[in-house]
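Here's a quick briefing to read alongside the structure. Have the sequence open next to it as you go.

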Amino acid sequence: MADLHLRRRNQDACQKAGCINNNLSIQLAPSAYRSFGTTAKGDSRNQCKGCGSTFSLGSATRRHKRTDQKGSILLNLVNKVPLSRICEINGVTFPQIYSKVDFIYRQCLAMSAAREGELARCLAGKDQFFATDAQTILLNWPVRGRRGTVPLLHMSTVHASSQFVVASTVDYDPDVAVEDVDEAMFRCGDFLLPRAMRKHARLWSEREYMDAMLRSLPGFFNTEDPMTGGKMKLPGKGSRVRNDAFMYAHVMLVRKLTGQGLRQANYSVDADSGLAAAFCAVNVDMVKEGRVNVTEVRFDKGLTNDERSTLARMGTDAFYDLARLHAGGIEEFQDIDPDLTRRQALVAYQMKERFENIPIEERGRILASEGWDWPFHTKSEPRKSLRLKTDVGHLDYAGLSRVICGSSVHPVDAWFNFTRRRVSGFERGLPTASNQHRIWHAYGFYDPDMVPKLIGILRFYHNWMLRGRDGKTPAMRVGLAKGLIYPRDLFFF
């Protein structure tokens, strides 16, 4: 389901299950349909030649009895208003809220699919930096006498300079029940085969998921814990996608959306996620050509705000001290390449000092294994270290410096912080004294379908409808849009 935000059910097609023209668009097969007059409102009606059923196209909101609430509900959803408060503010019921969420989500998918096909053209011919990481979103799992949580993995790739969220996917397939996965695997003998040879290897089966949790965390769970809503329980509906399949599907989607016209693509990934291998494998042809660089980023994540601020001041002082010490080397590199900033020229000089007398192959091995410790600490990434996995000798010291200086996962971390601040169901839980300091997710969702839907809605709102301090949306910065998209544009698309 990685490319879900590019796919939608064709509305200009026969919707009858079992028909040979089911979901076959009129635009793709006009001979499969015939004109069948108009509706009372003047919308053209069509008839399927396969089953004889008729359908018509009109406004996306034509079956909505009240259309004045959609804008308010959309803004409430993306401004951390809990669902119960949305009902109170708008005078609607929970079923009506869920219906509006489905409608808004479908419109976001449709408008994204229509407009984001031009993303590759906007990015072509330039050096681009992207940041990729994953976060865990916990769902509530209600069980009598006990409450556990269900984790879903949310992975995103963000274009660094524009903050445009290229892809944002969840390791959840709503269309397949976990019981059906187990039954299908049992019927075709998948449990007897190595996973690489299976017919159904994409999704977790319930028995294998439980066994994996018990083996990976011995002593933390018992055999009854996953069955009673334990921390790592599978969702009650739908299925979870296996981590490696989910990861590679996300990377393939990113490549599909960004295209192959980039002069150089630089991907910064979290060092603990295993994403570097996925990016290298999917882009192996461009890696060999020297057009893709993959950098693992690691930094201290458990520091307090005061500790981060202290390190940031130390990083600023370190930069000015080294810039004064190596002023001659900085000027030398800037004379050769005037586009280099002082920081990039300083790093280029430091790299020349370290690797000048080392063979290219050894330089690549050192950068991939030992990495490069970043001395200029920032508040967002203190004590950062970088491992460049794709140095095949194609870059000079100035080029290496540009890649190292531009490598950061801060853009995707900022997007994850945005999702937690904007959607009440994504916020971290709070420990309570009355619950023996166990984590309580007051506004966590109970329906796993809500997670990909709210992420899809929030992604569209962030990319196309929310202006930054410069007065532009991410879509405007990347070149996909010339102006703001308003709710009315989305609802009547």
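The protein's secondary structure comes to 18 helices and 14 strands (DSSP runs numbered from the N terminus: helices are H or I with at least four residues, strands are E with at least two). Keep in mind that this is a predicted model, where local features need pLDDT of at least 70, side-chain atom pairs count only at pLDDT 80 or more, and totals for chains, interfaces and linings use all residues. Residues are numbered from 1 along each chain as its sequence is written, and side-chain values use heavy atoms, with hydrogens and water left out.

**Overall picture**
- Of the 493 residues in the protein, 49% are buried (buried is under 20% relative accessible area, exposed is over 50%, partly exposed is in between, with a 1.4 Å probe and protein chains only).
- Take the contacts with a separation of 6 or more: 65% of them are between residues 24 or more positions apart (contact means heavy atoms within 4.5 Å).

**Helix 1, tucked in**
- Helix 1 (residues 70-77) is largely enclosed by the rest of the structure, because 6 of its 8 residues are buried.
- The buried ones are Lys 70, Gly 71, Ile 73, Leu 74, Asn 76 and Leu 77.
- Their cover includes helix 2 (83-90), helix 3 (94-115), helix 15 (410-422), helix 16 (450-465) and helix 18 (487-491).

**Helices 11 and 12, crossing**
- The axes of helix 11 (residues 327-336) and helix 12 (residues 342-355) come within 8 Å and cross at roughly 105 degrees (axes are lines fitted to C-alpha atoms over the stretch in contact, with angles from 0 to 180 degrees between N-to-C directions).
- So helix 11 is roughly perpendicular to helix 12, a label that covers 65 to 115 degrees.
- Helix 11 brings Gly 329, Ile 330, Glu 332, Phe 333 and Gln 334 to the contact, and helix 12 brings Arg 342, Ala 345, Leu 346, Ala 348, Tyr 349 and Lys 352.

**Lys 472**
- You'll find Lys 472 in the loop between helix 16 and helix 17 (474-478).
- Lys 472 counts as partly exposed because its relative accessibility is 41%.
- Leaving aside neighbours within four places in sequence, Lys 472 is in contact with Leu 466, Arg 467 and Arg 477.
- Lys 472 and Leu 484 are 12 residues apart in sequence, with their C-alpha atoms 7.9 Å apart.

**Met 197**
- Met 197 is in the loop between helix 5 (178-188) and helix 6 (206-216).
- With 60% relative accessibility, Met 197 counts as exposed.

Notes. Parallel < 35°, antiparallel > 145°, perpendicular 65-115°, else oblique.
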